[in-house]
Every structure is written in structure tokens, then in C-alpha cells.
Amino acid sequence: MSREPENHGARMSFADTMSYTDYLGLDGILDAQRPLSDAHDEMLFIIQHQTSELWMKLAQHELNAARDAIGADNLPRAFKTLARVARIFEQLNSAWDVLRTMTPADYTQFRESLGQSSGFQSHQYRLIEFTLGNRNRSMLKPHTHRPDLLATLEAELARPSLYDVALKYVSDQGIDVPKAVLSRELSARHTPDEGVTAAWQVIYEDTSRYWALYDLAEKLVDIEDYFRRWRFNHVTTVERVIGLKRGTGGTGACPICARCWRSSSFPSYGRSAPGFDVVCLRRGYLTQKEGSVGQKSFEGLDTVGLMRGFVPTQAGYPWKAHGDT
Ligand code: HEM
């Protein structure tokens, strides 16, 4: 039997038809890696960022679909899509292991080439944050020199976020969500709200009755969880590669990355939440049921620490070690 692919039906000539390279636009993609130094590791650094941006593009595409599906009362579709977003973040999380093979000495060889560019200026990252519900108009500033990107971000701020749409859905199912939250100024920063927490509490206390809403909340928790892991991987990589040096974007790198890590995509999830966020509510409810810790003891604790059981055991974490309170 011949081992030639053409003898097995494979097309071998693409002079007059679309090829793999054509369809995927590979010429443009593979021509986009242009190191500015001779340092070997700059290629790794560029490809790591570019592939992250590609996965972010897909994540945004899926988040938009999930948001539309929730708005159209199609939760099964939204769940499938949100599960995919969580997988994308998992993919992004695994990618850090490749970058971590780069040492501070390797990075130092091309750091100057980056100039003032930094992931902090990633408009896709910001778009994802805005879409999820973590909105902050100040983050538009780094994009004022690019009216096209600014317009995309502004347009997102004018739309209800995924979390806004989820809360509207909860309200449509007959659960009380404060009117002020449902009609909030969309571009404004979300603030934790006890009424919203109470709405989630209703769901978590009768999961069989509100199974679909419970599933929705858990899908949001999933995304939050993966996103936080991404931030965590980012801060530990930054610490490993540049230590206490200033970031190319101008920040005091580790503390700001740690702060970003502690931030949350969904309003009542954050560390600053005065009441119980969904995650705490869930954990607190479980532990209360097990008779170990009452829900009240979760107030004032670091929700990230709660979500990541290992965090409190790691004394001297970057932000503490670097005097960031
Ligand atoms: C050696 C690798 C890396 C280092 C040393 C690093 C360093 C930093 C630093 C110091 C900041 C804070 C802003 C600044 O002053 O620059 C930052 C922010 C950021 N970086 Fe990285 N980074 C690395 C890899 C990556 C990769 C692979 C991505 C993927 C796209 C990324 C995406 C981001 C994003 C999105 C922010 C803004 C985070 C936020 O505002 O919440 N970084 N990075």
C-alpha cells in the first residue's frame, strides 16, 4: 500500500483554490512576531502575549454569545458557552508555565525593547473585564490615542454587563433584586449591594426550586475562579521575573498586580463586599451546615483567601511583603 497522501485522496495542489494558510491568514499571523532585540527569549515573550490575545478574542466572542443567550431566556445555550469561557481561561492559565521558564536574566536582555508597552494597555483584557461587570472608566485613559479601541470600550460600557443581564434574569424569575441595581448607570463601577446578596441567598437556600438560577450563579463563580487564577499566575510570574522592579507600564509591579488579582469581576464577589458575596455565601452556607463556621464569621475575611484555601497559609505574600496594605 502506497504511503503517498495523494494516493489516499489528499489534495496536493492549491494553486487555484483556498489553502489552509489562506483560510487562517497565517501569513499575517506568523509575520507578526518582530523582536526588537537579539535576545533569544523575546520571541517567547511576544508569542505568549499574542496567543493570550487570541484566546481573549475568543473569550470575548463567547461572552457576548452567553450574554445574548441569557437575555433571550436560553440558559442551556448560555451555560454551554460559559463553560467554554472557563476552559479558555484554563488554557490561558496553563500557558504561564511556558513563560515561567524565562529567568530574570533572560528578561533583562530585552526589557528595554518593550519601552512603555505593558499588558496594562491590553484593550481586549479591559473589554473582557467590562463585559463581565468589572467596570472602571479610568481604564479608558490608556486608549485615548486609539479612537477605534476607545469606541469599542465605550460601546461596551453602554451595554448591560454579563452580571447585569444575569441579575435581570434573576429578577424576571420573581426574585427581588433592588430596582436601583437593575436601573443603575451602566458604565459606573459596580458596588456590592446587600439586596443583591439577599437575592442570591434565596437561590442558594432552595437550590432544587431555583436549580437553573443556582446553575447560573455557579457558572459565574466558575469564570470568576478561572479569571482569578489567571491573575494569580500573572502576579506570581511578575514577581518571579521582575521582582520589585517597576513595570514597563510604570506601576510598582507586584503590589498593583496583587491588587488586580484581588479585584473581582462580579460586584458582590469582591473582597470589599460588606455583606456576603455569592462565593462566601456558598462556602459559609456549606460550612454552617457542617457545623464548623457560621456565616457571620466570613464577614471581614479575605474572600480570596476563602476561595483559595492555600492563600492564608502562605505568609508574606507579595502585597504584604512589599508593604502594600
Ligand atoms: C514576564 C512576563 C510579564 C511581566 C513581567 C508582566 C508585568 C506586568 C506588570 C508590571 C503589570 C502592571 C502594569 C505595569 O506597570 O506594566 C502588568 C499588567 C498586566 N499584564 Fe503583565 N506581565 C507579564 C506577562 C503578561 C502576559 C503574558 C500577559 C497576557 C496578555 C499579561 C497581561 C497583563 C495585563 C492584562 C495587565 C493589566 C492587568 C490589570 O489591569 O488588571 N502580562 N504586567
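This is a predicted model: local features need pLDDT of at least 70, side-chain atom pairs count only at pLDDT 80 or more; totals for chains, interfaces and linings use all residues.
Residues are numbered from 1 along each chain as its sequence is written.

**View 1. Overview of the protein chain.** The protein chain has 15 helices and zero strands. Both kinds of element are DSSP runs numbered from the N terminus (helices: H or I, at least four residues; strands: E, at least two). Of its 325 residues, 27% count as buried. A residue is buried if 20 or more other C-beta atoms lie within 10 Å of its own, exposed if 12 or fewer, and partly exposed in between, with C-beta atoms placed from the backbone. Taking contacts between residues at least 6 apart in sequence, 68% join residues at least 24 apart. Two residues are in contact if their C-beta atoms, placed from the backbone, lie within 7 Å.

**View 2. Buried residues of helix 4 and what covers them.** In helix 4, the buried residues are Ala78, Thr81, Leu82, Val85, Ile88, Phe89, Leu92 and Leu99. The elements that cover these residues include helix 3 and helix 11 (211-242).

View 3. Ile70 belongs to helix 3. With 24 other C-beta atoms within 10 Å, Ile70 is buried. Apart from neighbours within four places in sequence, Ile70 contacts Leu75, Ala78, Val165, Ala166 and Tyr169. Of these, Ala78 is one of the buried residues of helix 4. Ile70 also lies 9.3 Å from Lys168, C-alpha to C-alpha, although the two are 98 residues apart in sequence.

**View 4. Asp73 in the loop between helix 3 and helix 4.** The loop that joins helix 3 and helix 4 contains Asp73. Most residues other than glycine have a negative phi. Asp73 is not a glycine, yet its phi is positive, about 60 degrees. Asp73 counts as exposed because it has 11 C-beta neighbours inside 10 Å.

**View 5. Packing of helix 3 against helix 6.** The axes of helix 3 (residues 42-71) and helix 6 (residues 123-132) come within 9 Å and cross at roughly 25 degrees. Helix 3 is therefore roughly parallel to helix 6. Axes are lines fitted to C-alpha atoms, for helices over the stretch in contact, and angles run from 0 to 180 degrees between N-to-C directions. Angles under 35 degrees count as roughly parallel, over 145 as roughly antiparallel, 65 to 115 as roughly perpendicular and the rest as oblique. The crossing is left-handed, meaning that the near helix is turned anticlockwise from the far one by less than a right angle (clockwise would be right-handed). Helix 3 contributes Glu53, Met56, Lys57, Ala59, Gln60 and Leu63, which meet Gln124, Tyr125, Leu127, Ile128 and Thr131 of helix 6. The contact holds six nonpolar, three polar and two charged residues. Here Ala, Val, Leu, Ile, Met, Phe, Trp, Tyr, Cys and Pro count as nonpolar, Asp, Glu, Lys and Arg as charged, and the others, Gly among them, as polar.

**View 6. Packing of helix 6 against helix 7.** Helix 6 packs with helix 7 (residues 147-157) at an angle of about 10 degrees, and their axes are 9 Å apart. The two helices are therefore roughly parallel to each other. From helix 6, His123, Arg126, Leu127, Phe130 and Thr131 meet Leu149, Thr152, Leu153, Glu156 and Leu157 of helix 7. This contact has five nonpolar, three polar and two charged residues. Leu127 and Thr131 of helix 6 also take part in the contact with helix 3.

**View 7. Helix 11 and its crossing with helix 10.** Helix 11 has 32 residues and should span 46 Å at 1.5 Å a residue, in agreement with its end C-alpha atoms, which are 46 Å apart. Its buried residues include Leu213, Ala217, Lys219, Glu224 and Arg228. Helix 10 (residues 194-205) packs with helix 11 at about 120 degrees, with 9 Å between the axes. This crossing is left-handed. Trp200, Ile203 and Tyr204 of helix 10 make the contact with Leu213, Tyr214 and Ala217 of helix 11. By class there are six nonpolar, no polar and no charged residues. Just after helix 11, Gly243 has a positive phi of about 55 degrees.

**View 8. Arg111 in the loop between helix 5 and helix 6.** Arg111 sits in the loop between helix 5 (104-108) and helix 6. Arg111 has 18 other C-beta atoms within 10 Å, so it is partly exposed. Thr248 is 137 residues from Arg111 in sequence and 8.1 Å from it in space, C-alpha to C-alpha.

Notes:
The expected span of a helix is 1.5 Å times one less than its number of residues.
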